Amino acid sequence: MYRYDEYDQAIVDARVDEFRDQVARRLSGQLTEDQFKPLRLMNGLYLQLHAYMLRVAVPYGTLDSRQMRMLGHIARTYDRGYGHFTTRQNIQFNWIKLDDTPDILAELATTQMHAIQTSGNCIRNISSDQYAGAAADEVADPRPWAELIRQWSTFHPEFSYLPRKFKIAVIAADEDRAAMRLHDIGIQLVRQDGVLGARIFVGGGMGRTPMIASLIRDFVTADDLMSYLEAALRVYNRYGRRDNIYKARIKILLHEIGADEYRRQVEEEFSLVKQLGIDPPAAELARITAFFAPPAFDADAPDTVDRSDPDFAVWLDQNVAAHKQPGYAIVNISLKPIGGIPGDASADQIDLMADLAERYGFDELRVTHAQNIVLPHVRKADLHAIWQALSGAGLAEANLDLISDIIACPGLDYCALANARSIPVAQKIQARFADRGRQRELGELKLKISGCINACGHHHAGHIGILGVDRKGTENYQLLLGGSGAEDVSLGKITGPGFDEDGVVDAIERVTDRYLAERVEGERFLDTYRRVGFAPFKEAIYG
Amino acid sequence: MKILTGNDLGSGDVIWWTGSTWSRHVEDAADVATDGEAIARAEEGVRRVVGAYVIDAAPTAEGPRPAHIKDRIRALGPTVRPDLTLKPADPNAGSWVI
């Protein structure tokens, strides 16, 4: 994992001191709320439905045990004993006091954490593949590049006041586990003739105007990547619509001027930027990369697992992924227990996951955009002990990528922007499909719920998506089918009139029943939907 | 009736204007008629509240009930964590929200 150097630490410490002063001036009346609001947002502090909410950055979703324990400590000491892992691979605390926030940020800084780039019209926390460094299919580890982009983007003087927020994802495999093409810029590291470089996708996003990012550059060498990003941001910064918040994202710029014209302008800018020498010297890149060297794997680690416990075997099949290193595996810890709150973890659960990472997993954890936690490097021989420990803490739900592994935003239960509650709908769907055999019979089925059009719950990218709306003061839920955030990216299609909370659960069951009736062997829900089309499902839903 | 709500500047707690001060309990909220915005400006000026706004509510025997579900959730707490609401021991509290 990356470790701060003296500059990183000084930046974060100075930011804490600055915010402590700003909070004191707000509380004493030297700053009005209009003056203070943009300052607190630059430090991840929102005013939500019930209280202040602090969003803490987890760069590219990577944590060590000490950082994870710090999150548990914050939850226990300053919040109400839990935190909420988000679809941006961050964590949010829902019950924060303004008076406490400088102390919280100071405590976070002792473990090289902060809340910078979690709000505002800047380049937000960089997201990445939760299997980075562990997956066999990656061409390189994306984390050094994500870290380099983090350093480049933090307090970048040109890009601190962009037309709108800006999200970047970096992956390095053909399998997209980070919804890369639904980001403002998606970077896929690739090799051409042995040379490392990147495919650059621009203009993706969800929200009220969902779009899939366009391929803007098929290959930019790694040596030129930062210059190319600088150019891509400059063109957006210059021409992005600052006059209309709903048209200010880069996806709208691309839509308005066209991908070809945007590409032409970026190339022109790139030819100028490249002369500025902002790409890192090889020594600096090597310094960063060294932090992400593979852990000291045991070459003799046994590659077999005793599957005699049937519950353990189900969890193995569902939640454990193949690792590039023989004898090792990737563990997905589901934060989606049946009837729970998607993405929530108690302070005790957070501590336990930290303990397991420290004891069994080379001290590493990852937060996924699907609101789960990953232990990326564990010995297969330790899987049973890990499963037992997780089982005792309500963390062993064997449902990864099944219908109950629901992405859900906080919705109207917590969020000031929401129009409808998301979590109760998720819980009712989980209850309806609680039977493990039924879930596994349905197979991979990614269900995603947003409580408003801002789409924090990624409903556009759900195989089945749900969008909560306010219909004359009553919660109403629109159903979408056919979305995907993976390498087979697509946007879901609204089925028709919406439903109440129970009605949308019934409608989903009609959809899954039709799927089971229509599918041929080997198909996932999404495959069947794409093969037979929208009509049979619409007919099943509405008759 | 019109009632005035906002958040306590320091704690962030949801608070309701009682006619003379702020309360965490919506039952204590007073009808502000057409004075809400003026009260909000004055109270924000002395830093007793942040983000104050006026909402519609229905008078009931138990006190004002906000017209919109969002404000009823604000008044009680998250529907999915009854243990964290203002009335964790009241099994009927949730039905007041919905």
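Before starting, I noted that two residues are in contact if their C-beta atoms, placed from the backbone, lie within 7 Å. This is a predicted model, where local features need pLDDT of at least 70, side-chain atom pairs count only at pLDDT 80 or more, and totals for chains, interfaces and linings use all residues. Residues are numbered from 1 along each chain as its sequence is written, and chains are lettered from A in the order in which they are written.

**Entry: a residue of the core**

I looked up Val202(A) and, leaving out residues up to four places away in sequence, found that Val202(A) touches Ile185(A), Ala213(A), Ser214(A), Ile216(A), Ala232(A), Ile250(A), Leu254(A) and Tyr262(A). In the largest nonpolar core, which has 183 residues, Val202(A), Ala232(A) and Met353(A) touch the most other members. Such a core is a set of buried Ala, Val, Leu, Ile, Met, Phe, Trp, Tyr and Cys residues joined through C-beta atoms within 7 Å; buried means 20 or more other C-beta atoms within 10 Å of a residue's own, these atoms being placed from the backbone.

**Entry: two helices**

Next I turned to H15(A) and H17(A), whose axes come within 8 Å and cross at roughly 135°.

**Entry: where the chains meet**

How many residues of chain B are in contact with chain A? I found 21, facing 22 residues of chain A. H2(B) gives the largest share of the chain B side, four residues.

Conventions: Axes are lines fitted to C-alpha atoms, for helices over the stretch in contact, and angles run from 0 to 180 degrees between N-to-C directions. A residue is buried if 20 or more other C-beta atoms lie within 10 Å of its own, exposed if 12 or fewer, and partly exposed in between; C-beta atoms are placed from the backbone.
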